[in-house]
Amino acid sequence: MYVHGIEFAQVSVMELDRKFTDIDFELVQFLCELVSVELQKNDFYNCNQGMMHSFLLSELLTGELNDANVIAMRLAHLEWTRTPYLRVMTLTDLKNGFFDGKVQLVAQHMIQLLPDSRWIVYQGRIVFLISLVDSSCKIIAEEKRFLEFFQVNVLTASLSNCFSHLTFLRKYYKQCLTTVEIGFQLNSNKPVYMYEDYLFEHIGKIISEQNDLADFCHPVIQKLIAYDNGHKTSLLPTLEAYLQYVDTPNLAAKTLFIHRNTLFYRINRIRELFEIDLSDGDIHLKLQMTLHFLKLKTQRGDPQDQ
């Protein structure tokens, strides 16, 4: 057993009446870890219910456990049944930074709402592994009882993409961290952030670490920015709304507070001025990706090429 990386004791266990099994070795290791943590006066286990589940989640999050066979054995021993639709959700306390005494209350309330989930306190956040009935997570992102609970308690939730194998838990936990970071950077001020909503921004963040994002932007967008600045028009916001609601132009017009006919007039004007085919799916993708990249550049204060 170790305390702060220093071995202070060894545990000996004798066989009696039967041979050791893999589970026996797992239990001995768990006991050693538990005693070590208690001696370090770490509140890890005081803050977590269901120690065996929490211990498994801890090993998965730290990357110490990545053997699929061992994971399957541990799950069978815990009698932990899950659906193929898993997501990681993190809860961050915006007011205090850390949860302190309200961890148990927050977690217990969330377990009532999501009874098939497991949770752990990790890196100052409550991390949930959620097992859902399908790949959608509208129950969390849109349902009123979740949103009200987050807002009243000044909590921010972050949801990863859907996955099915626990060996990837650490990767999807990192998705949650990236989602919160980008969401805060864009000043979104939402109670729930979903990774799928910030995919392009994440791609842009990775690219910007070694390149200028402007080099990956569609040239028409830069021309639109220059045209709007020079003629006091609003063609760029019009294009952005049109691309977002391409199958529902009435909704696009509503978000811009203009008439549907005005929307179509402006879109046709964009086609004529910049000779761009807005019926091409690839062009749609490149334009939307550029708009997401520009959000990152704007929030960071990067200069825009004219």
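Ring pairs join Phe146, Phe149 and Phe150 into a cluster. Rings of Phe, Tyr and Trp (its six-membered ring) pair if their centres lie within 6.5 Å; planes under 30 degrees apart count as stacked, over 60 as edge-to-face and the rest as tilted. The structure holds nine aromatic pairs.

This is a predicted model, where local features need pLDDT of at least 70, side-chain atom pairs count only at pLDDT 80 or more, and totals for chains, interfaces and linings use all residues. Residues are numbered from 1 along each chain as its sequence is written, and side-chain values use heavy atoms, with hydrogens and water left out.

**Aromatic pairs**

Two of the pairs are tabulated here.

| Pair | Centre distance | Plane angle | Class |
|---|---|---|---|
| Phenylalanine 30 and phenylalanine 55 | 4.9 Å | 75° | edge-to-face |
| Tyrosine 227 and phenylalanine 274 | 6.1 Å | 85° | edge-to-face |

Phenylalanine 30 lies in helix 1 (residues 22–39) and phenylalanine 55 in helix 2; the pair links distant parts of the chain, 25 residues apart. Helices (H or I, at least four residues) are DSSP runs, numbered from the N terminus. Phenylalanine 30 has a relative accessible area of 10% and is buried. Buried means under 20% relative accessible area, exposed over 50%, partly exposed in between (1.4 Å probe, protein chains only). Phenylalanine 55 is also buried, at 8% relative accessibility.

Tyrosine 227 sits in helix 9 (residues 219–231), and phenylalanine 274 in helix 12 (residues 260–274).

**Helix packing**

Helix 2 (residues 51–62) packs with helix 3 (residues 68–78) at an angle of about 165°, and their axes are 11 Å apart. Axes are lines fitted to C-alpha atoms, for helices over the stretch in contact, and angles run from 0 to 180 degrees between N-to-C directions. The two helices are therefore roughly antiparallel (over 145 degrees). Helix 2 contributes Met52, His53, Phe55, Leu56, Glu59 and Leu60 to the contact, and helix 3 contributes Ile71, Arg74, Leu75, His77 and Leu78. Contact means heavy atoms within 4.5 Å.

**Glutamine 175**

Glutamine 175 is in helix 7 (residues 169–185). Its relative accessibility is 12%, and it counts as buried. Leaving aside residues up to four places away in sequence, glutamine 175 touches Ser160, Asn161 and Tyr195.

Terms used. Parallel < 35°, antiparallel > 145°, perpendicular 65-115°, else oblique.
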